[in-house]
Structures are given as C-alpha cells and as structure tokens.
Amino acid sequence: MQTQSSLVRCGNCGAESRLPFLLHAEEQEPPDLDTRPGEQLRSSVGLWMARCPFCGYCAADISTIHEQAGAVVDSAAYQQQLDDARFPAKANEFICHALVLEHVLQYADAGWTMLHAAWVCDDHQRADAASLCRKGALNAWTVGKKHGQTFHDTYASEFLIVSDLHRRMGEFEHALIACNEGQDTEEVPELLDHCFRLQRSLIARKDVGRGSLRQLSIYRGAGSPPGDLLS
Ligand SMILES: [Zn+2]
C-alpha cells in the first residue's frame, strides 16, 4: 500500500491541513459478497475518507464541496455525528459524508458510504455500530429506489448485496427473502449464481461473518483475483 500526505485546502472553510492519501493498493484477493475488496485494498478503507480538522467537513476529497452541502456541515446534527461515541471516529467521518450525500439526494452513494462505515466498524470489532451502519445503508438504498436510483449493476446483484447486509446483521429471514427475490427475478449469470449459493450456505449456518468469494469452489486454488467480479 502506498500513501502520501498532502497539503489540502478545505472546500468548505478554506483552512489548509496536511492529510494522508492512498496512492495505490493492490487487490490481491477476491472481494466479499458485499463487494468489500480483498487485501491490500481492503485495509486501506480508513484512507478513503478525509476530515477537515477545522470545520469537520468529511469527503474523499475535501478540496471540493457541493454548493448545497455547507449548511449540512454546519448543522447541529452533523457536528454531533462527528463525535458520536457509538461509532469509531473514522466511521463517523463516513456517516457524516453520507449525511451530505443524502442532503443532495444522492441516496445510492449515501448507502455505499454507510456500508463503508460498517466495514470500519467491522475492523474495530464493533458489531452493534456495524449493524447500525448497515441498516443506514439499506435505508438509503430504499429511499434511492423511490427516486429511481440503482445502486448496483443488476437487480440480482443488488439483492445479493442486500441479502449480505441482512445476514451480517443476523437478520437471516430477511437475508433469505432477498436471495429468493434476486434469483427469481431474472436469468442470473453463473458467477452470481455461485455467490447466491454461498450466501445461502452462510445463512443456513447462521454465519454473520465475512463471506469471501475465496470460498467459492471456482476460485479455490486460483491465483489471480477477480477484481471486477461484483463491481
Ligand atoms: Zn474545513
């Protein structure tokens, strides 16, 4: 993993700060069922989001800001979220960015940002916090759907991801329903079908852990990572 620190001027308050950036990280393993990349990219999640130390504006690149986002950053709800003790500090940065995205009606991206917050919580072994974030992701995607926003390539792959979020929260019945929906709606490509089978076996075992595509028989022993498998 290659990182670098750079001087950045905040797009919200104009203050300059030196922040770390991810330059490059290889994805040397297959992703998880919820699309979380394998190592080394996996471990770089904390570098996917930055926070201005002065005003608290959080974004992947804080040098730019949506013209309607400034009011959100200044709001009491946002400023409270920055230091919400229920979540690890880095997860709060993702959640705050999701608040900005929701305010500008980018619900699909807000959902992904909440899922990234969940991954940070996973890494901190904060299961309750991770579940709150996954719930937030599902809520954002549901609202997005009402606005005509898709959050993944196909109906089936969206349901696979939804199923995985439910499973990781221990909601096995909802997870199974999402599998059924995803597999019933359309002709599912072979690889995705394998993913659904893996998902079903994890649900059957009431396994709330990471579901890596490494577990698929078609990848066992395979050397190279299927980087664009689900993305
Ligand atoms: Zn700032």
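## The zinc site

Four cysteines hold the zinc ion: Cys-10, Cys-13, Cys-52 and Cys-55 each donate an SG atom, at 2.2 to 2.3 Å from the metal. This is a predicted model. The angles between the 4 donor atoms run from 106 to 113 degrees, so the arrangement is tetrahedral. Ideal angles for four tetrahedral donors are 109.5 degrees.

The donor residues follow the spacing C-x2-C-x38-C-x2-C along the sequence. Cys-10 sits in the loop between β1 (2–9) and β2 (16–24). Cys-55 sits in the loop between β3 (50–51) and β4 (58–59). The pair therefore ties together parts that are 45 residues apart in sequence.

## Two backbone details

Look next at the loop between β2 and β3, where Gln-40 is found. The peptide bond that joins Glu-39 and Gln-40 is cis, with omega at about 10 degrees.

Leu-105 is the second detail. Its loop runs between α3 (89–103) and α4 (107–123). Phi of Leu-105 is near 65 degrees, a positive value in a residue other than glycine.

## Helices α4 and α5

Helix α5 covers residues 127–146. The axes of α4 and α5 come within 8 Å and cross at roughly 170 degrees. An angle over 145 degrees counts as roughly antiparallel, so α4 is roughly antiparallel to α5.

From α4, the contact includes Tyr-107, Trp-112, Met-114, Leu-115 and Trp-119. From α5, it includes Ala-129, Cys-133, Arg-134, Trp-141 and Val-143. By class, the contact has 17 nonpolar, 3 polar and 2 charged residues.

## Helices α6 and α7

Helix α6 spans residues 155–168, and α7 spans residues 172–185. Their axes come within 8 Å and cross at roughly 170 degrees. That makes α6 roughly antiparallel to α7.

Among the α6 residues in this contact are Tyr-155, Phe-159, Val-162, His-166 and Arg-167. They belong to a contact that also takes in Phe-172, His-174, Cys-179, Glu-181 and Thr-185, among others, of α7. The contact residues divide into 8 nonpolar, 5 polar and 2 charged.

## Helices α7 and α8

Helix α7 also packs with α8, which covers residues 190–204. The angle here is about 160 degrees, and the axes lie 10 Å apart. That makes α7 roughly antiparallel to α8. The crossing of α7 past α8 is left-handed.

On the α8 side, the residues that meet α7 are Asp-193, Phe-196, Gln-199, Arg-200 and Ile-203. On the α7 side, they include Leu-176, Asn-180 and Gln-183. The residues of this contact divide into 7 nonpolar, 4 polar and 2 charged.

Technical notes: Residues are numbered from 1 along each chain as its sequence is written. This is a predicted model: local features need pLDDT of at least 70, side-chain atom pairs count only at pLDDT 80 or more; totals for chains, interfaces and linings use all residues. Side-chain values use heavy atoms; hydrogens and water are left out. Axes are lines fitted to C-alpha atoms, for helices over the stretch in contact, and angles run from 0 to 180 degrees between N-to-C directions. Helices (H or I, at least four residues) and strands (E, at least two) are DSSP runs, numbered from the N terminus. Angles under 35 degrees count as roughly parallel, over 145 as roughly antiparallel, 65 to 115 as roughly perpendicular and the rest as oblique. A crossing is left-handed if the near helix is turned anticlockwise from the far one by less than a right angle, and right-handed if clockwise. Contact means heavy atoms within 4.5 Å. Ala, Val, Leu, Ile, Met, Phe, Trp, Tyr, Cys and Pro count as nonpolar, Asp, Glu, Lys and Arg as charged, and the others, Gly among them, as polar. Donors are N, O and S atoms within 2.8 Å of the metal (3.2 Å for Na, K and Ca); water is not among the atoms, so sites may look incomplete. Four donors count as tetrahedral if all angles lie between 85 and 135 degrees; four count as square planar and six as octahedral if opposite donors are over 155 degrees apart and all others between 65 and 115; anything else is irregular.
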